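Me: I'm new to this structure and would like to learn how to read it. Could you take me through some features one by one?

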Amino acid sequence: MTEEKSNEKFRAGQTFLIGLAFFTTFTWSLYNTQVNQQLDIYFAGFALAGFTVGIIMAIDNIIGVIIQPIMGNLSDNTRTKYGRRIPYIVIGVILSAIFFALIPTGFETQLWILLVWIFCFGISMGFYRSQAVALMPDFVKPVHRSKANAIINIMGGIGAIFAFSLSLVSDAIGLQYTFIIASIVMVIAMVVLILTVNENKAYSYKLLLEEEASEGRKVKEEKEKLTLVQSFKDIFKEEDKSTLIMLFAIFFWFVGYQGMEALFSIYAGSGPNGVLGLSSGLAGFIFNFVAIPFIIAAFPLSLLANKIGRRKCIKIGLVIMIVALLLGFLIRTQTITFIILVFFGIGWAFVNVNSIVIIWELAPSIKKIGTYTGLYYFFSVLAAIFGPALLGIFRDVFGKESLLIDGAIFLIIAFVLMFFVKRGEVELTDEEKLARQQKIAEL
């Protein structure tokens, strides 16, 4: 790679188009704000209703924690004329859209029918989510990845706003039509993605192909070296435990966040476990007070990360989120809840824009970007499995008003862990790492 190419300017427009892959996952936001309310009504009166709802809400994540790391690793080892990520994204989006549209048919029938569609939807989303996230660092160089990740998260935030707004519309048109509209939008976004993004022009993909060609290696030989299990072993063997600790910090803050998202519309609603007394649609809409500030804050905060560091930004964000939840727990009114959700969203922008970027920086080479993305999602989706169930059982034990303080506990644990993460800022570019590896091989 020439010096001119290595200093290539950041292409924001291209990154927005790449972000359409992540945008398609907005259906999970609609899923988390509507399916949970239906389940809460179904299980009203059960002794462990919160725990039961939490477990069912985690089914898609249980599937994802198994599938996503495997699919991330598989795409790392895929070479096609359409790229190594896009083929999985196309198949995954189409299947996800079909099964998502079928979920409401289980609301008025037997529970097992609903569980079947949830299971199929979870498999389809897990099939392509790691690839949707790994697509961006394939195009964007390390020095620009905080900014690029901010844009990707803005796209995700726009998707969340759309999903939460659809929740409000569902009061008028019903959940079946709402879910169908969401599925159609998923497919449209995917079509725009494949028409505007050529993965064969991704610099990491081209660099990888060049390296393989120059070294005369076969893809088949490389597959044996890039296993997820081996990556876990390598991480545990590292003298510096920053990667391992970072993954556990990610786990704990996602337990807090995912548990909150999965149960908040119940907390905000007027159902048997509601606290704020809002309608079903409005209870699903209220998380826009998190999503909108997140979108507004994400890109400016990515620029701040380049100045003060990614780890420091994450610590600041966790403090903001913890304080917001504590205030919301102490003062339980609709107005205060709206306000603390705004600050919660700003804090989440501090955290989420920088977390996976640190994981990418900790990856030993460009070959493992997808694998480390899979590891990131292994821990975040594992948290999404335990988060709703843990916060649900805490609600069962401590009362329906305890949701916010329950979430804060896990954020505090993550905050403490971040003091033990010693790496993750921008170090060498991928070109510099490759040049260093080639020099060592020559010696």
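Me: How do the residues of the lining of the second largest cavity divide into nonpolar, polar and charged?

Reply: They divide into four nonpolar, one polar and one charged. Here Ala, Val, Leu, Ile, Met, Phe, Trp, Tyr, Cys and Pro count as nonpolar, Asp, Glu, Lys and Arg as charged, and the others, Gly among them, as polar. Before going on, note that this is a predicted model, where local features need pLDDT of at least 70 and side-chain atom pairs count only at pLDDT 80 or more, while totals for chains, interfaces and linings use all residues. Residues are numbered from 1 along each chain as its sequence is written, and side-chain values use heavy atoms, with hydrogens and water left out.

Me: What is a cavity, in the sense used here?

Reply: Rolling a probe the size of a water molecule over the atoms shows where empty space is left. On a 1 Å grid over the protein atoms alone, a cavity is a set of points where a 1.4 Å probe fits but cannot get out, and its lining residues have an atom within 4 Å of a point. Points are joined across faces, edges and corners, and the volume is the space filled by probe spheres set on them.

Me: Which residues line the second largest cavity, and which helix gives the most to that lining?

Reply: Leu 263, Ile 266, Tyr 267, Asn 273, Arg 395 and Leu 403 form the lining, around about 30 Å³ of space. Helix H14 (residues 242-268) gives the most, with three residues. Helices are DSSP runs (H or I, at least four residues), numbered from the N terminus.

Me: How many salt bridges does a search of the whole structure find?

Reply: The search finds four. The test for a salt bridge is a side-chain nitrogen of Lys or Arg within 4 Å of a carboxyl oxygen of Asp or Glu.

Me: Are Asp 40 and Arg 395 buried or exposed?

Reply: Both are buried. Buried means under 20% relative accessible area, exposed over 50%, and partly exposed in between (1.4 Å probe, protein chains only).

Me: Which side chain does Asp 138 meet in a salt bridge?

Reply: Asp 138 meets Arg 84, at 3.0 Å from N to O. Asp 138 belongs to helix H8 (residues 111-139) and Arg 84 to the loop between helix H6 (59-76) and helix H7 (86-102), so their contact ties together parts 54 residues apart in sequence. Asp 138 counts as buried because its relative accessibility is 0%, and Arg 84 is buried with a relative accessible area of 0%.

Another pair is Arg 310 and Glu 361, whose side chains meet at 3.9 Å, N to O. Arg 310 lies in helix H17 (residues 310-330) and Glu 361 in helix H18 (residues 334-362), so parts 51 residues apart in sequence are tied together. Arg 310 and Glu 361 are both buried. Shared partners also join Arg 84, Arg 85 and Asp 138 into one network of salt bridges.

Me: Now for the surface: which residues make the nonpolar patch?

Reply: Patch residues have over 30% relative accessible area and no salt bridge, and nonpolar side chains (Val, Leu, Ile, Met, Phe, Trp, Tyr) are joined within 5 Å. Areas come from the Shrake-Rupley method with a 1.4 Å probe, and for residues only the protein chains shown count as cover. Here Leu 17, Val 169, Ile 173, Tyr 177, Ile 180, Ile 181, Ile 184, Ile 188 and Val 192 make a patch of about 730 Å². Helix H10 (175-196) and H9 each supply at least two residues, and H10 has the largest share, six. Ile 180, a residue of H10, is partly exposed with a relative accessible area of 32%.

How values were computed
1 Å grid on protein atoms, 1.4 Å probe; cavity = no way out; pocket = protein on both sides within 12 Å on 5 of 7 lines; lining within 4 Å. Patch = residues over 30% accessible without salt bridge, like charges linked within 9 Å, V, L, I, M, F, W, Y side chains within 5 Å.
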